[in-house]
Amino acid sequence: MVITELLSRIPVLEIHGDENREISGLVFDSRKAAAGTLYVAVRGTVADGHAYIGSSVEKGAEAIVCEELPENLDEKVTYIKVKDSSKALGQLASNFYGNPSQKLKLIGVTGTNGKTSVSTLLFDVFSNLGYEAALLSTVEIRIGEKIIPATHTTPDIITINRILAEALEEGCEFAFMEVSSHGIAQNRIEGLHFTVAGFTNLTHDHLDYHKTFDEYLKTKKRFFDGLPDTAVAITNADDKNGSVMLQNTKAVKKTYAMKTMADYHGRLLEVDFNGMLLNFNGKEFWTTLTGKFNVYNLLLVFGIASELGFGQDEILQAISVLKRVSGRFETFKSDGGIFFVVDYAHTPDALENILDSINDIRTKNERLITVFGCGGDRDHSKRSEMGAIATRKSTLAIITSDNPRTEDPARIIKDIEAGVEPQNFSKYTSIPDRKEAIKMAIKFAEPKDIVLVAGKGHENYQEINGVKHHFDDKETINELWRLMSK
């Protein structure tokens, strides 16, 4: 593609060099620069891409997009100066791949909790309805049956457009995508055309990155502020921040709720560990998913599918055969009669939701044993809050390691313990080794008791001192149970 075509809809301040040069690839990592590529110098949180313009030219880059031109311009290279190269990268990527997000229906889901579940459930619903679809989630990236491992909640914008272009080639009509606050802040959705945007909820998370809750809120809101008037924005009316997301959007505004009036209203009629009987907009159906938070997830799925033009009866039929999302309220019962629940809950709100859901189901004759920890090198302020929630709402809480990363696990555990209220001191213990903590929970549990292992969900690793070691909560539970029941 020639440079002039690549620059469509991009405000250019200056151009030096041949505008009709053919470009074979886009890169924003100078190490990937090669003959025929266009290198975009992006200012990152750690490094400034402008410092690597020279090395990208040495590797063969034939065009440079930047905010500041280098002092010495190579006459064999085309230099394009823009106001914001990070935003320009998004439109460049869309143009390079033929603007695939405008040719299929792209649905973005954002919020603190529920993004993965809603995106995955949407993908499964549309697959059940007979449509080819793509999924870009934390757990995996899928194009129909093809699975691509995921490394970020929101991939870089070049990767997103490449995947969407491939999805189009494979005949996909829909693409469902998690939209993270990091992705929004770093312009990783710039240039994308969304048909529907969904909001789950907003609670305490990522303050290590955003610094304040207000900044976190404004970052999420940017997603909705940027929607065109042809899009639909659907928000959780029961969340106090739900209406904030819609304040300045040009999109058509829709709501879903359980507690208030909304376009899509849901009621929980019955619930147990096997599933729920629900009523959505006057229609009853059964689902194997369980927990009040899943009512909200399914309501958003229902609302989005409805806004995409599908009949409510066929949507509910497709929802009723859904399976649970990996690592999200996954339950299994041991042959000794102990219920195990594995969940990704790693924020105060998510942990409280899963504990409340279990407590709603149990008869109180069973004990609830919770194994959990907090990630290292992340928001410290949520640790004490999670300590308070877990000990308040469990019979016994076992505080352990999650992904300590480069932090001392003992330091993280002390931060969690600081939130435990005096009346709950006798309701917890701390075991830094996660396998030993799970072993203690199994040893303590009796038939009919419930053991919740929270924080890692679908993850199959534990990151310690920058190294990822294999660790799977479900696998560990099954292994320990077999050994201990002999």
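Which residue lies over the face of Phe 444, and at what distance from the ring centre? I looked it up: Arg 367 does, at 4.3 Å from the ring centre. My cut-off for a charge over a ring was NZ of Lys or CZ of Arg within 6 Å of the ring centre and within 35 degrees of the ring normal.

**Ground rules**

I'm working on a predicted model, where local features need pLDDT of at least 70, side-chain atom pairs count only at pLDDT 80 or more, and totals for chains, interfaces and linings use all residues. Residues are numbered from 1 along each chain as its sequence is written, and side-chain values use heavy atoms, with hydrogens and water left out.

**Lys 456**

I found another charge over a ring here: the charged end of Lys 456 sits over Tyr 461, 5.1 Å from the ring centre. Lys 456 also meets Glu 459 in a salt bridge, at 2.9 Å from N to O. For salt bridges I took a side-chain nitrogen of Lys or Arg within 4 Å of a carboxyl oxygen of Asp or Glu. I checked burial too, and both Glu 459 and Lys 456 are buried. (Buried is under 20% relative accessible area, exposed is over 50%, and partly exposed is in between, with a 1.4 Å probe and protein chains only.)

**Other salt bridges**

I get 24 salt bridges in the structure. Glu 145 pairs with Arg 142, their closest N and O atoms being 3.7 Å apart. Glu 145 counts as exposed, at 71% relative accessibility, whereas Arg 142 is buried at 14%.

Helices (H or I, at least four residues) and strands (E, at least two) are DSSP runs, numbered from the N terminus. Arg 392 is partly exposed at 39%, and Glu 421 is partly exposed at 24%.

I also noted a network of salt bridges that links Arg 43, Asp 48, Glu 67 and Glu 68.

**Aromatic pairs**

My search of the whole structure gave 19 aromatic pairs. Rings of Phe, Tyr and Trp (its six-membered ring) pair if their centres lie within 6.5 Å; planes under 30 degrees apart are stacked, over 60 edge-to-face, and the rest tilted.

Phe 126 and Phe 174 make a tilted pair, with 4.7 Å between centres and 55 degrees between planes. Phe 126 is in helix H4 (residues 115-128) and Phe 174 in strand S10 (residues 174-178), so the pair ties together parts 48 residues apart in sequence. Both Phe 126 and Phe 174 are buried.

Phe 199 and Phe 224 are edge-to-face, at 6.4 Å centre to centre and 80 degrees between the planes. Here strand S11 (residues 196-199) holds Phe 199 and helix H8 (residues 213-225) holds Phe 224, so the pair ties together parts 25 residues apart in sequence. Phe 199 counts as buried at 0% relative accessibility; Phe 224 is buried at 0% as well.

**Helix H10**

Helix H10 (residues 292-307) has 16 residues and reaches 23 Å from first C-alpha to last, close to the 22 Å expected. The expected span is 1.5 Å times one less than the number of residues. I found 14 of the 16 residues of H10 buried, so the helix is largely enclosed by the rest of the structure. Gly 309 follows H10, and its phi is positive, near 100 degrees.
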